[in-house]
Amino acid sequence: MDRSIDRRLCGHCHQSIGDEALVALNRLWHPDHFTCSSCKRPIKQTFQAADNHAYCVQCFAQKYNPKCAGCMETLVDTCLLALDRHWHPRCFTCSSCNRPLPNGEFYLVDDKPYDLDCHWAKRLEKREHIERGEH
């Protein structure tokens, strides 16, 4: 009878791993025991780690990612950093025509973002108000 101790223990149940194992966070896991610290569902593919805890991509984003300044949804994929805030590219829009600003390029007038055409129109409008003595 083999009396050797199996040191391959699951990080969750602390039982012997057996034939199939997953390695994550410097530990061995039964595949169904490596779970998201937030939603508790098994993590089958990509995961994120924070404070030595594993999270599925969605839960990590919900907990740690910034929110879009336009729609207030959690940013998961591509985002823009403009005016000291984070934005979905579709939510960072011209203050005049409300079209998304291509590649996040914008021109400021009165601390508001404008695309090139609306920027010139807004500056001309401001100049006309100044010339008429309006504030």
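User: Where does N26 lie in this structure, and how is such a place named?

Analyst: N26 lies in the loop between β1 and β2 (27-29), where helices (H or I, at least four residues) and strands (E, at least two) are DSSP runs numbered from the N terminus. This is a predicted model, in which local features need pLDDT of at least 70, side-chain atom pairs count only at pLDDT 80 or more, and totals for chains, interfaces and linings use all residues. Residues are numbered from 1 along each chain as its sequence is written, and side-chain values use heavy atoms, with hydrogens and water left out.

User: Is N26 buried or exposed?

Analyst: Buried means under 20% relative accessible area, exposed over 50%, and partly exposed in between (1.4 Å probe, protein chains only). N26 counts as exposed because its relative accessibility is 81%, whereas H14, at 48%, counts as partly exposed.

User: Which phi values do H14 and N26 have?

Analyst: Phi of H14, in the segment before β1 (22-24), is near 60°, a positive value in a residue other than glycine. N26 is not a glycine either, and has a positive phi of about 60°.

User: How do strands β3 and β4 pair?

Analyst: Two strands pair if DSSP finds at least two bridges between them. Strand β3 (residues 47-50) and strand β4 (residues 53-56) pair in the antiparallel sense over 4 bridges, and F47 stands opposite C56 in β4. The hairpin of β3 and β4 has 2 residues between the strands, and D51 there takes a positive phi near 55°.
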